[in-house]
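Here is a short briefing on one protein model and the two ligands it holds. Look at the sequence and the structure first, then read on.

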Amino acid sequence: MSTLITEECINCGACAPECPNDAIYEGGQKWELDGREHPPLCEDIYYIAPDKCTECVGFFDQEQCVVVCPVDCCIPDPGIPEQEPALIERARKLHPNEQFGAPFRSRFREG
Ligand code: SF4
Ligand code: SF4
């Protein structure tokens, strides 16, 4: 599932530069995919564009926004359940020139 930022967000901005997919936006900013801009999904706090979030699958063993958030307000979105195959497929689409290892890094394989 995509990761979600809750209203506990304090707008510190620590998460956005850590996202391997540039999926995190400041409130009020348009989000972009394939050169197209889309209206902000939130006006007041940072948000994650679900179409760009892979739960860090392909890049890290843990969601990086979860790791750096000082108030623990990055959580799995229960409304968007997704499994590893869909997430690595998204990563490959987002990064067509990237070679993902086999096995690739994934929070599903942590431990
Ligand atoms: S879980 Fe990973 S891919 Fe998703 S928004 Fe957070 S840092 Fe970005
Ligand atoms: S790190 Fe957490 S508190 Fe800071 S902007 Fe991101 S979601 Fe909000």
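The second largest cavity has a lining of twelve nonpolar, two polar and no charged residues. In this count, Ala, Val, Leu, Ile, Met, Phe, Trp, Tyr, Cys and Pro are nonpolar, Asp, Glu, Lys and Arg are charged, and the others, Gly among them, are polar. The model is predicted: local features need pLDDT of at least 70, side-chain atom pairs count only at pLDDT 80 or more, and totals for chains, interfaces and linings use all residues. Residues are numbered from 1 along each chain as its sequence is written, chains are lettered from A and ligands numbered from 1 in the order in which they are written, and side-chain values use heavy atoms, with hydrogens and water left out.

- A cavity is a set of points, on a 1 Å grid over the protein atoms alone, where a 1.4 Å probe fits but cannot get out; lining residues have an atom within 4 Å of a point.
- Grid points are joined across faces, edges and corners, and a volume is the space filled by probe spheres set on the points.
- Which ligand sits in the second largest cavity? Ligand 2 does.
- To sit in a cavity, a molecule needs more than half of its atoms within 2 Å of the cavity's grid points.
- Ligand 2 has 14 residues around it, and the closest are Cys 9, Cys 12, Gly 13, Cys 15 and Cys 69.
- A residue counts as near a molecule if one of its heavy atoms lies within 4 Å of it.
- The shell around ligand 2 has twelve nonpolar, two polar and no charged residues.

- The largest cavity holds about 80 Å³.
- Its lining has 13 residues, and Cys 19, Cys 53, Glu 55, Cys 56 and Cys 65 lie nearest its centre.
- By class, the lining of the largest cavity has eight nonpolar, three polar and two charged residues.
- Ligand 1 sits in this largest cavity.
- The residues around ligand 1 include Thr 3, Pro 20, Asn 21, Ile 24, Ile 48, Thr 54 and Glu 63.
- Cys 19, Cys 53, Glu 55, Cys 56 and Cys 65 are also among the residues around ligand 1.
- The shell of ligand 1 divides into seven nonpolar, three polar and two charged residues.

**The chain as a whole**

- The protein chain has two helices and six strands.
- Helices (H or I, at least four residues) and strands (E, at least two) are DSSP runs, numbered from the N terminus.
- In what order do the elements of the protein chain run from the N terminus? The order is β-β-β-β-β-α-β-α.
- The radius of gyration of the protein chain is 13 Å, close to the 13 Å that the globule rule gives for 111 residues, so the chain is as compact as a globular protein of that length.
- That radius is taken over C-alpha atoms, and the globule rule is 2.2 Å times the number of residues to the power 0.38.
- Along the principal axes, the C-alpha atoms of the protein chain fill a box of roughly 40 × 35 × 25 Å.
- Of the 111 residues in the protein chain, 40% are buried.
- Buried means under 20% relative accessible area, exposed means over 50%, and partly exposed lies in between (1.4 Å probe, protein chains only).

- Cys 19 is in the loop between strand 1 (3-5) and strand 2 (24-25).
- Is Cys 19 buried or exposed? Cys 19 is buried, because its relative accessible area is 15%.
- Cys 19 lies 75 residues from Leu 94 in sequence and 13 Å from Leu 94 in space, C-alpha to C-alpha.
- Cys 56 is in the loop between strand 5 (47-48) and helix 1 (64-68).
- Cys 56 is buried, because its relative accessible area is 7%.
- Phi of Cys 56 is near 70°, a positive value in a residue other than glycine.

- Ala 49 has 0% relative accessibility, so Ala 49 counts as buried.
- Ala 49 and Ser 2 are 47 residues apart along the chain, and their C-alpha atoms are separated by 8.4 Å.
- Asp 34 is in the loop between strand 3 (31-33) and strand 4 (36-38).
- Asp 34 is exposed, because its relative accessible area is 71%.
- Asp 34 has a positive phi of about 55°, although it is not a glycine.
- The peptide bond from Ala 102 to Pro 103 is cis, with omega near 5°.
- Pro 103 is in the segment after helix 2 (84-94).

Definitions and conventions. On a 1 Å grid over the protein atoms alone, a cavity is a set of points where a 1.4 Å probe fits but cannot get out, and a pocket is an open set with protein on both sides within 12 Å along at least five of seven lines; lining residues have an atom within 4 Å of a point.
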